[in-house]
Amino acid sequence: MIHFFLLFSLTFSGVESLGINYGQVGDNLPPPDKVLELLTSLKISKVRIYDTNPQILATFANSKTELIVTIENEMLSQLMDPQQALQWVATHIKPYFPASRITGIAVGNEIFTGNDTVLMSNLVPAMINIHNALARLGLGSYIHVSTPTSLAVLENSFPPSAGSFKTQFSTYISQFLQFLSSTKAPFWINAYPYFAYKDNPNKISLDYALLNPMSYMVDPYTKLNYDNMLYAQVDAVIFAMANLGFGGIEVRVSETGWPSKGDYDEIGATAENAAIYNRNLLRRQLANEGTPLRPNMRLEVYLFALFNEDMKPGPTSERNYGLYQPDGTMAYNVGLSALLSSSSSTSSASISLSSSATKTISMEYKSLVYWMFVYLLISLEIILTRRPLYLED
């Protein structure tokens, strides 16, 4: 019976180290309430959005879904003023917390990727002002402040132990790391093995990029074995931070994924590869894996993305990272049924965003709980009936 309850708790607990990015750059996406139904059915309780959409924040209230919200890059100059930062938190965060479980604020996105030094210089002061505003409003201990960074910030990433930041960013990065260290906030990294493979398909193993544990790279200096590129990228960031004197900061993956479609020159952008990559990622998250450098610290990862977004600019791949089409059908079968609450759903080709689908899942869940309760009562009755005989003996 103990084993039964253990299995039950594991089946219905979801994956604590897995989140997903909910982008909204599309003109045909479902409303937030249908999105919440989908996420609930998948047992995914960590979501990142790219703004502070009040409709989403209100819809997700009391849902137990943890949210990371984003301050747009163009807002950073205004947040240099402490009063403006206080007003922003009072307007965009305070009214929704704690009903909406906002756990993090991303101040900008990939600030260090471009050449805008003014934006880079504004980053840490804006983060400090937001952090202080949260503290002033009594929210500082609940919501961390950070910013997602692309791997373009690294000068070297191979082997991982040689990880280092680009020298032109060193001043800004040092200030940023000092802030993270003092506030105990994580370093968020957008890590895409797909890009590395696309740029060097003749030198990089596809299995290594797809997280298939079929090939290994051994770091010649640490002798650590890497069976996938994502973990090597994360450890390269950890080593780069350590080289600047910041060795204790947690690294989390704010974005990773694989496109299911691309242009003729976007090698590897196929539905088959996307399914393999994300399926392997899900399996590793189910196992709460850590990287070779930090094997006992589970790696928190946010998958990119929930939906294909038809209005994103750029190459075809940019509009095809979603697990789902906007109508709720799967872009490809990644095996998300493993996260569903009923094993009978594993053969489903799509998950409806309609309320009837959610009700069906709810009824199955309630039925299981009911019969488990009946089983418990019968077991207790047997135990209580036998106990006096045992004591008398």
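Ring pairs join Tyr192, Tyr194, Phe195, Tyr197, Trp258, Tyr277, Phe304 and Tyr321 into a cluster.

Visitor: Hi! What counts as a ring pair here?
Guide: Rings of Phe, Tyr and Trp (its six-membered ring) pair if their centres lie within 6.5 Å; planes under 30 degrees apart are stacked, over 60 edge-to-face, and the rest tilted. This is a predicted model, where local features need pLDDT of at least 70 and side-chain atom pairs count only at pLDDT 80 or more, while totals for chains, interfaces and linings use all residues. Residues are numbered from 1 along each chain as its sequence is written, and side-chain values use heavy atoms, leaving out hydrogens and water.

Visitor: How many aromatic pairs are in the whole structure?
Guide: The search finds 16. In one of them, the centres of Tyr22 and Phe307 are 6.5 Å apart with planes at 70°, so that pair is edge-to-face.

Visitor: Where do Tyr22 and Phe307 sit in the chain?
Guide: Tyr22 is in the loop between E1 and helix H2 (32-41), and Phe307 in the loop between E13 and helix H11 (355-392), 285 residues apart. Helices (H or I, at least four residues) and strands (E, at least two) are DSSP runs, numbered from the N terminus.

Visitor: Are Tyr192 and Phe304 buried or exposed?
Guide: Both are buried, meaning under 20% relative accessible area, with exposed over 50% and partly exposed in between (1.4 Å probe, protein chains only).

Visitor: Switching to H10, which residue follows that helix?
Guide: Asn288 follows H10, and its phi is positive, near 55°.

Visitor: Which residues of H10 are buried?
Guide: Among them are Ala274, Tyr277, Leu281 and Arg284.
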